[in-house]
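Here are my notes on this one, point by point. Have the coordinates open as you read.

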Amino acid sequence: MRTILILIKKEFLQVFRNPLLLSILVVAPMVEFMIFPFCADYEIKVLNIAFIDNDRSQISKDIIHSFNSSEIFVSKGLLTSKKDADEKMKHDKIDLLVEFPSHFEEALYKNEPTVIAVTANAINSVKAGISTGYVQEIIGGYMQDFAAAHTPSNMSAAMAQQASMQSNNASFSQGEERRRSNSTTVMPEQTITPPMPIHISISNIYWYNEQMNYKNLIVPGILVILVTLIGCYVTALNLVREKEIGTIEQVNVTPIRRWQFLLGKMIPFWLLGMAEFGAGLIIMKFVFGISVQGSLPLLLGITAIYLLVMLGLGFFISSVSENQLQSMFIVLFLFIVFVLLSGVFTPTEGMPGWAHKINYLNPMSFYIEVIKKIILKGSEFESVMKETIVLSVMAVIINTGAVLSYREASK
Amino acid sequence: MYSIEANQLTKKFGDFTAVDHICFEVREGEIFGFLGANGAGKTTAIKMMSGLLLPTSGTATIAGYDILTQSKLIKRNIGYMSQKFSLYGDLTVFENMQLFGTIYKIPRKELKERIMDSLRELEMDAQANTLVDSIPLGWKQKLAFATAILHRPKIVFLDEPTSGVDPIVRREFWKLIYQAASKGVTILVTTHYMDEAEYCNRISIMAEGQIKLIGTPEELKMQMGVDTINDVFVKFVKR
């Protein structure tokens, strides 16, 4: 016990005497918090839209007019040809093109199917997906009014039953993002058949993130990155540094036990990681106004387990590497894979099956689930039990691996 | 009774044999010198005897304990000073000694006394709270030695303890070695300095992983018909 205590003291002394490490621990997370949430913002504020009207009817004019009343759309007027539109889109003058077919109005009155073509610039596929959604909403809204005004009264009873169908998008990532994966070509054409004459109103309610605020997604993600960096990066560099400067040899000739030595290293960084996480939660609340919806002790408990996984991984990498450079590269590689697969910044739903399988090995993907559930949804233990169990098993395996590999390395 | 007994001790790294079936004994309280060119296998031999490396074959007993099966007991009874300075540079003199003293389970109060005594002997008590990184190399080496014997080991392994330090510090360092030896500590020391070899009770000269010559400095000089160990070494290398 005394041995472990003196090792913890030693580690803390070293951390606080190392200006570089201190700045990694303090400055880097703060900067990340201050910059990331404002940059990683997928919100759409302005959409430039143009129209090709081959019908030139009252209805087409009315629809075009209804776009003007929206705050998001900025009308770039009527274009005469597809070629013209193509040119404008290439130069980013317009984001969207809405094209009315000839005899559009006629078809509507005759109750025949007709098609409005919406073309979106899908270089930014997220934006394209969301913006075509907005277009649908506006045209749909118009068609509804039109249908209400022109439907024979005997049909209205049948339609009333279907009248209020709500599509509740449980979270941003399920509704909006699924569409994204469907439209990855540069200029996909989306066709809209006016929902004539059936009267369906679709109202979107975004649960857990009602304002569709991206910071709600990004900020907890940064919290995850923070904990991962402290846990994995700092420890991966720590042990191998002792190898480099040779101090580990002096420790290895003493009768100290390997687990004692590793524990003496783990506890300080575990405490530091928890402190960072706590600081992150405070920033999250007071700077971004996101408070933890669920149980704080539960959140801290699972974070503690996740940190153990990352510390163990860090030490494992450290003991199989020859020098700090090597372990830095390994951590960097793993870190990027973890982040991209985890769903911290991109949703996992659209990923192919093999990526999902790899994700079963990715501790970050389980942890981000927990973070989202507890912080944003306020979930109870039952709904994060699976993640907790998986992370605990990972912690045991990776730490056993770390102790064993450290023993191997010192022979 | 012998403090160190090596029996056919061998270490191979792949095809390369770093230490090749060496046999020797060191008596209690003896200062035993390990001489040899770079790459002769001295460091590898020391690492095996101090439990940092496992031998490929053969064995040795250190303070009566077998290196293959009783390495834990050996570690408690030896001190070790590596070729590379390996105390923590970002800890103070006192913190370093406290760290290692605690690992060897020296009781808290006694540890403090021992550290202060030892620093007084080194005339370094004023530097107790100085970061190790900021003291001169010669002092660092003396400090490393004092730390290595803080837990009063029976045997101390010193791997080129005086490389890179000036002649005055070297002489002081050897004073420390003699002091320890006079208290019955067995010392095994490797060196490149032939004048230092003269200070040893017995020496061995290693080449290609084997012990080629072994005996007291006087015996070796007589055997080779020369006046100094330096000449012994030069003549041996030419042979």
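**Notes on the two chains**

1. Buried residues make up 35% of the 411 in chain A, where buried is 20 or more other C-beta atoms within 10 Å of a residue's own, with C-beta atoms placed from the backbone. Keep in mind that this is a predicted model: local features need pLDDT of at least 70, side-chain atom pairs count only at pLDDT 80 or more, and totals for chains, interfaces and linings use all residues. Residues are numbered from 1 along each chain as its sequence is written, and chains are lettered from A, with ligands numbered from 1, in the order in which they are written.

2. Chain A has 16 helices and 7 strands, taken as DSSP runs (H or I, at least four residues, for helices; E, at least two, for strands) numbered from the N terminus. Of its contacts between residues at least 6 apart in sequence, 83% join residues at least 24 apart; a contact is C-beta atoms, placed from the backbone, within 7 Å.

3. Over in chain B, 4 strands make an open antiparallel sheet, ordered β2-β1-β4-β5. Strands pair if DSSP finds at least two bridges between them. β2 (16-27) and β5 (65-66) of chain B have a single partner strand each, so one side of each lacks a neighbour in the sheet.

4. β4 (57-62) of chain B pairs with β5(B) over 2 bridges, antiparallel. T61(B) has D66(B) as its bridge partner in β5(B).

5. The contact between the chains takes 18 residues from chain A and 23 from chain B. On the chain A side, α1(A) gives the most, with 7 residues.

Technical notes
A residue is buried if 20 or more other C-beta atoms lie within 10 Å of its own, exposed if 12 or fewer, and partly exposed in between; C-beta atoms are placed from the backbone. Two residues are in contact if their C-beta atoms, placed from the backbone, lie within 7 Å.
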